[in-house]
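Here's a quick briefing to read with the structure open beside you. Have a look around first, then work through the topics below.

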Amino acid sequence: MFIGHYAAGFVLKKKSSDIPLWLLFISVQFVDILAFILILLGIEKITYNPSSNPFLRTILEYVPYSHSLSANALLSLIVFVIFWKFKNKQWATVLSIGVLSHWFIDALVHAADIPLIHDSFKVGIGLWHLPRAAFLMELSVFLIAGYYLLWNYRHKMRHIILITLLCLGFSSMFFAPQAEASTELASVVSLSLYALFTLLAYWSEREFKKQYA
Ligand SMILES: [Zn+2]
């Protein structure tokens, strides 16, 4: 998923309002951030099939260190230990759930290219085979989670701007014509977008610190 991962971030934010949203955004996309760095380093590999629907254009060819369930569980455990040691158990629990949520949300939509252990036993329920349904579902889940987060906020304008920009970014990916891009360029663009979304999440909470009920 794309913005669907941030829905998990919104729900976790509601449960533990003292954890900054930007950090939750990094946690739920940690696996993809790691994947694109490893792709740029030539360690992991994705391929493109421009003739597929927008969701299925990217195929995870070799992603054992970022997208296997075994690696995701280990990353989640490492995040738990680091935050337990340097912050507290609540932050450790919530952020490790954020990291682990990525695999399960991806497994729902991906078409059998998500490994269970290292590079073996690839699974994926494949909702992306139904692009319109997948698009509407992801957008709905994201908006419902956004509403769940914001309904009792007094100052929500910045969050609404954040949510709108994410929806526009996601929709443009779906509706824009396919551009030919190398996997390196696509990785740099994706990492830049994650950085931008993280900055926007930081900005959305920069003022109005006392807004949380
Ligand atoms: Zn992913």
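This is a predicted model: local features need pLDDT of at least 70, side-chain atom pairs count only at pLDDT 80 or more; totals for chains, interfaces and linings use all residues.

- Setting aside neighbours within four places in sequence, Y6 is in contact with F25, V28, F142 and L166.
- As a general point, nonpolar side chains in soluble globular proteins tend to be buried together.

**Helix α1, mostly covered**
- Nine of the 12 residues in α1 are buried: G4, H5, Y6, A7, A8, G9, F10, L12 and K13.
- The cover over those buried residues includes α2, α5, α6 and α7.
- The end C-alpha atoms of α1 are 18 Å apart, which agrees with the 16 Å that its 12 residues should span at 1.5 Å a residue.

- α4 runs over residues 69-86, and its 18 residues reach 26 Å from first C-alpha to last, close to the 26 Å expected at 1.5 Å a residue.
- Its buried residues are N72, L75, S76, V79, F80 and F83.
- These sit on the same side of α4 because they cover an arc of only 140 degrees around the axis.
- Among the elements covering the buried residues of α4 are α3 (30-40) and α5 (89-109).

**How α6 and α7 pack**
- The axes of α6 and α7 come within 11 Å and cross at roughly 175 degrees, so α6 is roughly antiparallel to α7.
- On the α6 side, the contact is made by F135, L139, G146 and L150.
- From α7, the residues making that contact are H159, I163, C167, F170 and F174.

**S192 on α8**
- S192 is part of helix α8.
- Is S192 buried or exposed? S192 counts as exposed, because it has 11 C-beta neighbours inside 10 Å and the cut-off for exposed is 12 or fewer.
- S192 and I33 are 159 residues apart along the chain, yet their C-alpha atoms are separated by 9.9 Å.

Definitions and conventions. Residues are numbered from 1 along each chain as its sequence is written. Helices (H or I, at least four residues) and strands (E, at least two) are DSSP runs, numbered from the N terminus. The expected span of a helix is 1.5 Å times one less than its number of residues. A residue is buried if 20 or more other C-beta atoms lie within 10 Å of its own, exposed if 12 or fewer, and partly exposed in between; C-beta atoms are placed from the backbone. The arc is that of the directions from the helix axis to the C-beta atoms. Two residues are in contact if their C-beta atoms, placed from the backbone, lie within 7 Å. Axes are lines fitted to C-alpha atoms, for helices over the stretch in contact, and angles run from 0 to 180 degrees between N-to-C directions. Angles under 35 degrees count as roughly parallel, over 145 as roughly antiparallel, 65 to 115 as roughly perpendicular and the rest as oblique.
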